Number of protein chains: 2
Amino acid sequence: MAGTVRTHRALDVVDLSEGTEVTLAGWVARSRDMGGILFVDLRDASGVIQVVVDPSELPEAEQLRMEYCVAVTGTVRPRPGGTSNPDLATGDVEVGATGLEVLSPSDPLPFMVDDRHDVDELTRLEYRYLDFRRPDMAARLRARAAATNAMRQAMASLGFLEIETPTLIASTPEGARDMLVPSRLRQGSFYALPQSPQIFKQLLMVGGVERYFQFARCYRDEDFRSDRQLEFTQLDLEGAFWDEEDVRSAVEASIVAATAAVRPEASAPGFPTLTWREAIDRYGTDKPDVRFDMELTDLSEVFEGTEFRGFGGALAEGGVVKGMNAGALGLSRSGLDGLVERAKELGAAGLAWAVAEDGGSLRSPIAKFLSEAEVAGVVESLSAETDDVLLLIAGPWRSSSEILGQLRVDLGKPKGHDELAYLWVVDFPVFEETDDGGLAPAHHPFTAPHSVEEMRTDPVNALSRAYDLVLNGTELGSGSVRIHDPAVQAQVFETLGISDDEAERRFGWFLRALRYGTPPHAGFAVGFDRLMAILVGASSIRDVIPFPKTQRGVDPLTGSPSRVEEAQLEELGLDVRPEIKAAWEAD
Amino acid sequence: MAGTVRTHRALDVVDLSEGTEVTLAGWVARSRDMGGILFVDLRDASGVIQVVVDPSELPEAEQLRMEYCVAVTGTVRPRPGGTSNPDLATGDVEVGATGLEVLSPSDPLPFMVDDRHDVDELTRLEYRYLDFRRPDMAARLRARAAATNAMRQAMASLGFLEIETPTLIASTPEGARDMLVPSRLRQGSFYALPQSPQIFKQLLMVGGVERYFQFARCYRDEDFRSDRQLEFTQLDLEGAFWDEEDVRSAVEASIVAATAAVRPEASAPGFPTLTWREAIDRYGTDKPDVRFDMELTDLSEVFEGTEFRGFGGALAEGGVVKGMNAGALGLSRSGLDGLVERAKELGAAGLAWAVAEDGGSLRSPIAKFLSEAEVAGVVESLSAETDDVLLLIAGPWRSSSEILGQLRVDLGKPKGHDELAYLWVVDFPVFEETDDGGLAPAHHPFTAPHSVEEMRTDPVNALSRAYDLVLNGTELGSGSVRIHDPAVQAQVFETLGISDDEAERRFGWFLRALRYGTPPHAGFAVGFDRLMAILVGASSIRDVIPFPKTQRGVDPLTGSPSRVEEAQLEELGLDVRPEIKAAWEAD
């Protein structure tokens with residue numbers, strides 16, 4: 001729809017024949033005076049077109065400034081020979097203006113509305129409406145809408161119903177990161193904003209819905225380090241009478257649709273699968289970036305019976321020796337020692353480096369402790385070629401792998417920056433050990449274990465039917481087969497050290513729901529902001545969220561959050577604590 | 001997708017040939033023992049199918065109870081002659097069970113899971129997951145998903161981008177109905193939940209987006225009378241370089257799509273237009289139910305120079321006499337007097353009834369005061385036929401019309417209950433007079449007036465470029481052409497008695513945005529819950545919202561809102577007021 005104010009959009013002009021009269025409307029992206037004639041780049045949402053204005057005939061043109069909003073009437077014509085602009089979709093044509101109306105003038109701009117100038121992010125957020133006019137940001141808004149639409153169509157075509165779940169929900173005692181909403185009708189009571197629709201989508205399954213999805217707004221009151229936001233969007237889905245294979249295939253369909261909509265030039269993605277144990281073992285992380293190899297290798301066999309105490313001691317304690325070929329890094333001695341420092345920062349007792357030399361020998365601070373067979377074993381196991389840097393670490397399997405895995409990410413480089421490497425990681429542990437020696441759910445407490453028996457007898461090693469989707473080393477989302485048997489759910493709570501009373505108090509209404517013929521069910525949630533950021537090549541999710549907050553949770557445009565009037569708080573039965581008010585007054 | 005647990009869904013069986021082996025999964029909707037053989041109605045999301053089980057071969061069948069979740073393996077076969085069930089899509093076939101597994105048993109049910117039993121709403125909400133299994137509610141969930149999808153496709157095909165706006169926004173001092181969210185990083189400060197995305201969609205227009213839409217969750221902390229909810233959903237849209245005609249055509253496209261998706265049997269709706277003045281004049285309301293006529297008629301000319309003081313006095317004061325033919329109601333004298341009482345409750349000084357008699361006379365308490373010409377004029381103007389009840393009222397134009405309009409709604413009956421009568425009402429006043437004699441925006445303060453000049457010189461009578469969409473006498477949504485000129489916006493604030501300082505404090509950042517080349521723009525918001533309620537014939541929006549709150553804002557399923565722990569409030573810098581805590585302890 002062009003809209004009443006104009007007859008066509010900029011891009012439409014390409015398809016019009018010479019001499020067609022048009023009215024266009026948009027913004028002055030650029031204006032050059034060439035010998036008394038103005039060449040105006042008029043930008044609208046469809047693109048840019050050149051408008052030629054003779055100010056002696058249209059004196060209004062004299063007042064035009066950058067980003068004025070104007071309507072132009074004129075005639076379509078080819079650009080004169082040699083003046084075509086191949087960079088522009090409309091580069092072969094122009095409009096000779098016969099009428100010009102300033103719809104809305106613009107104050108001088110805080111920054112240039114183009115992609116050629118770097119603008120401080122705070123300023124961009126304060127003037128987000130001008131930021132949207134930059135071609136990059138406009139393209140991101142379009143890409144997000146296109147991906148949303150494509151994913152929705154993929155889900156709908158698989159028979160999923162989009163169902164809205166509430167965002168004013170019950171706060172649970174474990175909801176330390178819940179954002180709260182005070183109730184006015186019931187003063188002193190609070191709703192919570194959902195961290196996810198988890199419970200509600202499981203209730204939909206109990207309700208026989210069978211196939212649910214939703215683009216769901218979720219909330220999490222946490223630190224904004226590592227590129228998070230108070231509110232974020234996930235593609236949330238759940239199904240009954242299916243299992244992890246079905247879930248993964250539905251998720252893949254939605255991801256393929258989004259990828260095709262936004263990155264049609266990217267090759268159709270594959271979705272290889274690793275178990276959690278393999279992922280840690282080979283990449284030292286549960287979210288491996290598989291755009292490059294540089295895999296970790298277990299060298300424990302090579303060092304079986306070694307004289308080198310640094311390695312032998314670790315093996316004797318049931319640990320491992322792991323190595324990684326980081327390639328020909330060309331690092332100096334101090335560069336190599338820097339890696340050792342980095343490993344120690346990451347919690348390693350030590351790290352050994354070795355540089356492969358001609359003839360199969362190793363240059364390394366530990367070379368003198370190693371037997372010939374060990375050197376040969378390392379070189380062979382790590383396929384070392386001359387000048388390759390080899391990194392070796394010894395200690396417990398998981399922490400050693402993870403430290404080496406972090407060095408892998410520090411040092412590795414994807415082969416092509418355009419590649420999209422999706423990956424499933426499956427079979428996570430059911431529980432993680434907490435700092436105080438207890439157990440916490442690795443995923444969430446509604447995740448089904450592979451074996452109830454194993455979960456009871458060996459909870460630390462028990463595996464769950466949970467799965468994560470990883471893209472280019474970033475966790476895109478996670479899901480699981482859920483517990484549908486109330487007795488198994490009770491067993492999980494017991495293992496977590498939650499008493500029957502406490503379980504009843506915290507989850508009673510949910511446990512009750514499970515007792516009415518709950519079908520086997522499983523689901524997933526895709527972090528949509530993160531997916532979009534990677535698909536459009538943005539460095540932060542803030543670049544794909546239309547109106548994000550800063551890392552301090554502030555909106556520089558509207559000034560939220562802000563103080564409110566005493567009367568409003570009184571209606572809610574609340575008071576700001578005296579120490580906070582005192583701090584205000586001291587300001 | 002059937003899902004791994006089963007090979008087919010119930011409805012799929014219709015298309016299978018006799019002898020096909022299937023595994024189905026679903027719920028026991030009914031089970032009848034016929035001479036030792038069980039006839040089980042197995043229900044899944046696709047429908048119901050009859051499964052025939054011989055408990056002597058499948059002893060698990062003995063334990064089956066209502067709403068057990070089961071998987072059944074068996075063979076497709078036609079039902080024996082004469083036992084087909086024409087009410088069922090699968091009524092010609094059945095599955096002879098060869099295997100049966102109870103996936104999940106069910107406790108005894110709090111209510112029957114069918115549409116034949118009326119269930120108390122509070123119980124339905126407490127067990128919403130069982131309520132969803134009732135065919136009516138399941139159909140409503142499907143209808144809502146189908147309508148959402150159809151409207152989205154309609155918007156996308158018109159070139160609209162779906163863009164998410166934030167839900168943690170700035171609270172403004174006039175936001176008395178804002179729901180607040182305390183900030184943890186900035187203690188004592190608050191975000192607000194949006195009553196609508198109004199400001200953000202206007203910022204998107206400033207940003208050059210041109211065509212925006214969103215299914216937006218909105219929040220309003222108000223009384224729940226008249227079927228409202230704390231959170232609700234609207235189809236929100238906005239466009240630039242267009243006007244009210246364009247907006248209406250885009251809204252109509254989305255409404256037609258939703259209607260076709262949910263009520264394909266309803267005739268294609270038309271969208272007639274009334275001005276606000278006509279609507280009040282002819283129907284006594286700005287949201288007329290035009291499924292029936294019974295229009296109001298201005299009888300002022302008939303009573304020009306009347307001797308009857310009750311009417312003459314009103315006319316002398318610049319008022320009107322209005323009448324309505326309510327048809328042959330067959331009311332007794334006390335029934336007719338009841339209408340007079342009702343009118344007085346509604347604020348009328350009085351109401352006159354008259355019953356048309358053979359020969360053009362009127363039976364009425366006021367008959368003796370009327371001239372022959374007046375009686376004839378009334379009979380003719382109201383096209384009165386014998387036994388028709390005529391209602392007459394005199395007084396100021398608007399209040400008289402509105403009281404008669406309310407009686408019209410009380411007494412009128414739509415011809416067919418299936419009819420969908422959409423209607424546009426346009427040209428609302430810019431302002432409404434407040435009880436204290438001031439002015440308030442009739443729509444919102446960003447609505448463009450038809451004439452800036454008129455708005456300044458005669459604000460009470462100035463008309464705006466606002467429009468409402470009405471369906472069957474319910475307001476479905478509203479919109480307007482917005483002000484895009486900061487000077488006009490300032491003029492509106494001035495007329496509202498808002499000082500420059502106050503405007504700057506409340507809307508400064510928005511007024512600033514308008515100064516950067518804001519395009520002419522206009523938009524709309526459709527109350528989606530209300531649309532769905534009418535389309536599916538539900539009596540409350542609670543029946544089309546998956547997890548609604550009660551009229552007290554409570555969720556009987558999860559118990560929200562609830563008290564939270566002291567530590568959580570401390571993190572937010574808040575205290576529950578002592579008087580509230582005291583009331584808790586007194587409980």
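Trainee: Which residue in β16(A) is the bridge partner of G323(A)?
Mentor: Strand β13 (residues 320-325) of chain A and β16(A) pair in the antiparallel sense over six bridges. Strands are DSSP runs of E with at least two residues, helices are runs of H or I with at least four, and both are numbered from the N terminus; two strands pair if DSSP finds at least two bridges between them. In β16(A), G323(A) is bridged to L392(A).

Trainee: What pLDDT do local features need in this predicted model?
Mentor: Residues are numbered from 1 along each chain as its sequence is written, while chains are lettered from A and ligands numbered from 1 in the order in which they are written. The model is predicted: totals for chains, interfaces and linings use all residues, side-chain atom pairs count only at pLDDT 80 or more, and local features need a pLDDT of at least 70.

Trainee: How many residues of strand β16 of chain A are buried?
Mentor: A residue is buried if 20 or more other C-beta atoms lie within 10 Å of its own, exposed if 12 or fewer, and partly exposed in between, with C-beta atoms placed from the backbone. In a regular strand, side chains alternate between the two faces of the sheet. Both faces of β16(A) are covered, with V389(A), L391(A), I393(A) and G395(A) buried on one side and L390(A), L392(A) and A394(A) buried on the other. For β16 (residues 389-395) of chain A, the count is seven of seven.

Trainee: Is R30(A) buried or partly exposed?
Mentor: R30(A) sits in strand β1 (residues 21-34) of chain A. Because 14 other C-beta atoms lie within 10 Å of it, R30(A) counts as partly exposed.

Trainee: Which are the edge strands of the open eight-stranded sheet in chain A?
Mentor: The order in this sheet of chain A is β6-β9-β10-β22-β21-β20-β17-β11, with mixed pairing. An edge strand here pairs on one side only, and in chain A the edge strands are β6 (161-162) and β11 (273-275).

Trainee: Which residue of β10(A) stands opposite F215(A)?
Mentor: Strands β9 (residues 211-219) and β10 (residues 231-240) of chain A pair in the antiparallel sense over nine bridges. In β10(A), the residue opposite F215(A) is L235(A).

Trainee: At about what angle to β10(A) does helix α4 of chain A run?
Mentor: Axes are lines fitted to C-alpha atoms, for helices over the stretch in contact, and angles between N-to-C directions run from 0 to 180 degrees. Helix α4 (residues 198-206) of chain A lies across β9, β10 and β22 (521-527) of chain A, and its angle to β10(A) is about 20 degrees.

Trainee: How far apart are the C-alpha centres of domains 1 and 3 of chain A?
Mentor: Domain bounds come from an automatic or database domain assignment. Chain A has domain 1 (10-104), domain 2 (115-266 + 477-484 + 519-587) and domain 3 (293-411). The C-alpha centres of domains 1 and 3 of chain A are separated by 64 Å.

Trainee: Which helix of chain A gives the most to the side that touches chain B?
Mentor: Two residues are in contact if their C-beta atoms, placed from the backbone, lie within 7 Å. The contact takes 108 residues from chain A and 109 residues from chain B. With eight residues, the helix of chain A that gives the most to its side is α3 (residues 135-157).

Trainee: Which residue of β23(B) stands opposite L574(A)?
Mentor: Strand β23 (residues 574-576) of chain A and strand β23 (residues 574-576) of chain B pair in the antiparallel sense over three bridges. In β23(B), the residue opposite L574(A) is V576(B).
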